[in-house]
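Dear colleague,

I am passing a structure on to you, and I would be grateful if you could look it over before reading my notes.

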Amino acid sequence: MSKLPRLVNTLAVVALLAVFLWPIWQIVLYAPQYPDGVKMYIYVDKLGGDSPGTLQNVNILNHYVGMKKIEPDSIPELKLMTPILLFFVVFGLITAIFDKKWMYYVWTLLLIVTFLVGLYDFYLWEYDYGHTLDPNAPMKFDGASFQPPVFGKKVILNFVVYSIPHIAGYCLAISAGLGILASFLKYKFSKA
Amino acid sequence: MKRNKILITSLVILGLVAIFKFVACVTPEKPGDSALNSDAANKVYVAPGEYDEFYGFFSGGFSGQVSVYGLPSGRLLKVIPVFSQDAEKGYGYNEETKPLLNTSFGFVPWDDAHHPELSQTNGETDGRWLFINGNNTPRIARIDLTTFETAEIIEIPNSGGNHSSPFTTQNTEYVVAGTRFGVPYPQKDVAIDSYAENFKGMLSYIKVDEKGHMDIAFQILLPAFDYDLAHSGKGKSDGWTFFTSYNTEQKHDLLEVNASQNDKDFIAAVNWKKAEEYVAQGKFKEIPANYYINRYDDDTHTATSNLKKTVKVLTPEDCPGLVYFLPTPKSPHGVDVDPSGEYIIGNGKLSADLTVHSFTNMLSAIENQEYETTIAGVPVLKYDKVVGGVVVKPGLGPLHTEFDNEGNAYTTFFISSEVVKWKLGTWEVLDRIPTYYSVGHLMIPGGDSHKPDGKYLVALNKITKDRYLPTGPEMNHSAQLYDISGDKMKLLLDFPTVGEPHYAQGIAASKLISNSKKIFKLEDNQHPYRALGEKETKVVRDGNIVHVYMTTIRSHFAPDNIEGIKVGDKVYFHVTNLEQDFDVPHGFAVQGARNAELLIMPGQTETLFWMPEREGVFPFYCTDFCSALHQEMQGYVRVSPANANTPLKWSTGEPES
Ligand SMILES: [Cu+2]
């Protein structure tokens with residue numbers, strides 16, 4: 001009986017580990033010239049795409065309107081996310097071992113908060129890329145913003161831009177969901 | 001009196017009417033086209049954005065190229081330069097591809113390309129490579145179907161008119177080459193009328209390794225007949241190749257008469273597995289022969305030429321069982337092996353009938369030594385012991401036969417301008433349909449393989465006349481597409497072609513799509529003058545030779561300003577395209593260049609030679625509309641007098657941080 005929250009929390013940790021395997025988020029750009037789409041992937045520790053040249057291709061497109069070059073080395077979050085995730089893995093396992101109610105609550109709450117902070121951080125980066133434009137850019141569009149959506153679909157000039165979770169993004173959500181479930185079960189069992 | 005007058009008048013009128021009617025009857029009238037069935041348009045319609053089910057590789061003949069058409073739409077997909085320089089792509093003009101056209105005669109930027117041949121595995125087309133022969137300066141080229149570009153060209157020594165080529169074996173162990181023109185062996189200064197004594201006919205086997213690399217494994221020395229066409233066996237006849245011959249009279253002048261005297265010429269049946277044994281046993285003579293192997297490397301993006309000095313020659317006298325002659329009426333042109341490998345069709349172009357030899361009969365005739373005679377060590381098998389059947393009077397001037405997957409054969413008739421469908425085994429004629437006009441080769445996708453796709457047939461015609469809008473005296477050759485899926489052949493489409501397509505081969509699109517390369521990876525680029533980033537761009541002077549290490553990326557060159565070049569310098573622009581996106585080539589052209597442009601694919605480096613002959617400042621620019629700022633993709637090179645002291649310098653503005 002009392003094993004169930006521990007098991008569920010362990011599963012939440014397993015779901016977190018999957019985040020290391022797949023991209024968390026993807027930004028997909030469609031345009032008449034890009035019928036197959038340009039697919040940019042955000043991993044826990046790097047940026048990539050569906051081809052090795054994706055980042056270069058995105059940067060080439062962005063430079064026409066004077067957007068900054070996306071350089072993974074200049075994004076400190078890419079170095080931060082791995083230790084943060086590892087912290088949650090370790091803390092999650094400790095929670096499952098010691099089986100303390102507060103641990104479940106703290107773990108789940110922290111994970112959700114971190115996730116929301118991450119999304120806000122993602123928004124800030126997008127805002128920065130979308131609004132910090134080189135005044136000497138070959139093409140200028142008064143009042144235009146090239147900021148991709150945080151989530152969902154947006155039309156930017158000739159591009160239809162989608163910003164949606166990738167596999168690891170869903171794993172993250174599943175992990176948080178399992179955390180909530182484990183906390184709820186723990187709460188129920190301790191009441192009974 | 002009056003009555004008589006009326007009678008006479010009536011008779012005269014009647015007579016005139018009769019005469020008029022008679023004349024009207026013999027008024028020349030153009031025979032109509034066969035009725036086009038109403039659903040033809042539907043059958044060839046391929047919706048925008050859709051691919052054709054099959055693609056046909058058509059030789060260009062004297063254009064030296066291969067053109068690729070979608071089937072059934074007849075849409076031109078691409079023209080691939082092979083033996084001819086092509087300014088469009090810089091092929092044969094840029095420093096990287098020039099070596100592909102090297103021969104023992106020097107740089108030969110043209111040839112007469114006849115027979116495309118797809119590589120095969122287990123007798124089926126596999127979509128790896130396309131081979132094609134060059135007739136005039138005997139050569140075979142290999143086109144890589146991951147890039148649709150010429151990857152290799154090998155020269156065939158001891159040969160003149162490489163027509164019976166390349167015709168692969170069923171696992172692409174070999175492609176073959178046979179000389180259509182007897183030539184002195186070894187080549188030397190002799191009286192032409194010493195033909196019978198000094199001239200020979202050489203058959204060559206070119207080994208193809210798993211990378212597609214070619215080299216001559218051995219040659220077979222035969223009498224100086226004209227070896228016209230070939231096909232290798234498959235299935236039960238795997239291990240053999242069949243070459244037609246004409247001019248078994250061995251004449252050297254007025255061949256249209258002198259080479260048409262014998263009632264039967266020969267199909268030479270070569271046991272190449274036996275030849276391999278003889279080579280292994282050392283039964284060959286190593287003969288001096290200069291020939292080039294030119295190979296393009298996808299990592300260095302450069303072709304290199306390698307001169308070879310000898311070939312191994314086998315002689316039938318020393319190698320019993322290597323070659324047999326099958327008597328075949330009359331001046332046979334194509335020789336075609338049915339999908340099972342049993343029937344060998346000798347398309348005797350001056351014969352009233354179509355002769356079909358049986359491979360099984362041939363083997364027993366060999367076993368029982370049913371020889372008519374022996375010529376230069378080659379046993380001539382008895383005609384009636386090898387023949388398997390005769391298609392009686394199917395048409396006039398048979399040239400080529402291909403097959404469907406239901407035991408039917410389709411033969412072209414040049415003189416009667418038609419395709420005739422007949423049954424293998426019963427030899428009965430099933431159907432016939434006109435071509436417009438005078439069909440040469442025909443093509444059914446996979447139609448010379450173990451597994452034909454018997455859905456469409458393309459007739460490749462020699463004469464066009466009224467088929468298209470007249471374009472002055474010179475007209476494109478015509479091709480017709482027929483539906484052969486039913487009992488009756490149906491005409492679907494008629495389309496003009498590039499050059500003179502002799503033969504064509506077709507393959508399902510599904511066998512090509514997955515192999516296609518989209519870009520060259522920049523990190524794999526091993527070109528000696530590559531610049532893998534703008535930081536690596538530079539200009540290096542070595543005496544009067546200047547190397548410019550240049551890059552392209554949307555939408556600028558680096559460097560885009562160059563000074564310090566002098567009149568008479570030999571300038572090499574080595575341009576690396578840094579793009580890594582599909583379908584983003586850049587071009588490069590500079591004023592005063594006396595060759596062509598460069599067209600550089602993503603990740604590739606290509607080199608244009610330029611020798612400035614005037615001082616001034618000359619623009620260069622991108623020739624391929626690459627981007628919204630393509631027009632801005634330009635630069636300048638300053639040329640100073642030969643004795644000037646202008647310092648060498650180069651720069652690129654500040655395009656972006
Ligand atoms: Cu360009």
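Below are the notes that go with it.

This is a predicted model, in which local features need pLDDT of at least 70 and side-chain atom pairs count only at pLDDT 80 or more, while totals for chains, interfaces and linings use all residues. Residues are numbered from 1 along each chain as its sequence is written, chains are lettered from A and ligands numbered from 1 in the order in which they are written, and side-chain values use heavy atoms, with hydrogens and water left out.

To begin with chain A, five helices and five strands are found there, where helices (H or I, at least four residues) and strands (E, at least two) are DSSP runs numbered from the N terminus. Their order from the N terminus is α-β-β-β-α-α-α-β-β-α, and the C-alpha trace of chain A spans about 65 × 30 × 25 Å along its principal axes.

Over all chains, the structure holds 29 salt bridges, a salt bridge being a side-chain nitrogen of Lys or Arg within 4 Å of a carboxyl oxygen of Asp or Glu. One of them joins A:Lys186 and A:Asp99, whose closest N and O atoms are 3.1 Å apart. Because A:Lys186 lies in helix α5 of chain A and A:Asp99 in the loop between α3 (77-98) and α4 of chain A, this pair ties together parts that are 87 residues apart in sequence.

Turning to where the chains meet, the contact (heavy atoms within 4.5 Å) takes 13 residues from chain B and eleven residues from chain A. Across the interface of chain B and chain A, zero salt bridges are found by the rule. The residues on the side of chain B that touches chain A divide into four nonpolar, four polar and five charged, where Ala, Val, Leu, Ile, Met, Phe, Trp, Tyr, Cys and Pro count as nonpolar, Asp, Glu, Lys and Arg as charged, and the others, Gly among them, as polar.

Chain B also has some backbone features to look at. A cis peptide bond, with omega of about 20°, joins B:Leu71 and B:Pro72, and B:Pro72 sits in the loop between β2 (65-71) and β3 (76-81) of chain B. The peptide bond from B:Tyr185 to B:Pro186 is cis as well, with omega near -10°, and B:Pro186 belongs to the loop between β11 (183-184) and α3 (195-198) of chain B. B:Asn122, although not a glycine, has a positive phi of about 50°, and its place is in the loop between β6 (113-121) and β7 (124-134) of chain B.
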